[in-house]
Amino acid sequence: MPKALTCVKEGCTFEVQGSTVEDILAKLKMHAMIAHQMPQLPPDLVEKAKADVRDV
Ligand SMILES: [Zn+2]
């Protein structure tokens, strides 16, 4: 089932889509690196992201 996640950074409306949570997290990390200059996602944001992933 396809899944989606809105960026966990406050104020950012970027949306990631993928088929698995792992896929979405990988794309979110790429986005965070490019858009937010965050080469590493802090563990608390990763947890928040996992919790926020929804089925679409
Ligand atoms: Zn973002």
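**From a loop residue to the core**

M38 is found in the loop between helix 1 and helix 2 (43-52); helices (H or I, at least four residues) and strands (E, at least two) are DSSP runs, numbered from the N terminus. This is a predicted model, in which local features need pLDDT of at least 70 and side-chain atom pairs count only at pLDDT 80 or more, while totals for chains, interfaces and linings use all residues. Residues are numbered from 1 along each chain as its sequence is written.

M38 counts as partly exposed because it has 14 C-beta neighbours inside 10 Å. On this scale a residue is buried if 20 or more other C-beta atoms lie within 10 Å of its own, exposed if 12 or fewer, and partly exposed in between, with C-beta atoms placed from the backbone. Not counting residues up to four places away in sequence, M38 touches A32 and M33; contact requires C-beta atoms, placed from the backbone, within 7 Å. From M38 to D55 there are 17 residues in sequence and 26 Å in space, C-alpha to C-alpha.

Helix 1 is followed by Q37, which has a positive phi, near 50°. Within helix 1, the buried residues are I24, L28 and A32. Seen down the helix axis, these buried residues fall within an arc of 75°, so they line one face of helix 1; the arc is that of the directions from the helix axis to the C-beta atoms. An α-helix has 3.6 residues a turn, so residues three or four places apart point the same way. Turned away from the buried side of helix 1 is a face that carries the exposed residues E22, M30 and I34. The cover over the buried residues includes strand 1, strand 2 and helix 2.

The largest nonpolar core has eight residues in all: L5, V8, V16, I24, L28, A32, L41 and A49. Such a core is a set of buried Ala, Val, Leu, Ile, Met, Phe, Trp, Tyr and Cys residues joined through C-beta atoms within 7 Å. Helix 1 (residues 21-36) gives the largest share of this core, three residues. V16 is in contact with A4, L5, I24, K27, L28 and H31, leaving aside its neighbours within four places in sequence.

The strands remain. Strand 1 (residues 3-6) and strand 2 (residues 15-18) run antiparallel and are joined by four bridges; two strands pair if DSSP finds at least two bridges between them. T6 has E15 as its bridge partner in strand 2. Strand 1 also runs antiparallel to strand 3 (residues 54-55), with two bridges joining them. In strand 3, D55 stands opposite K3.

Definitions and conventions
Two residues are in contact if their C-beta atoms, placed from the backbone, lie within 7 Å.
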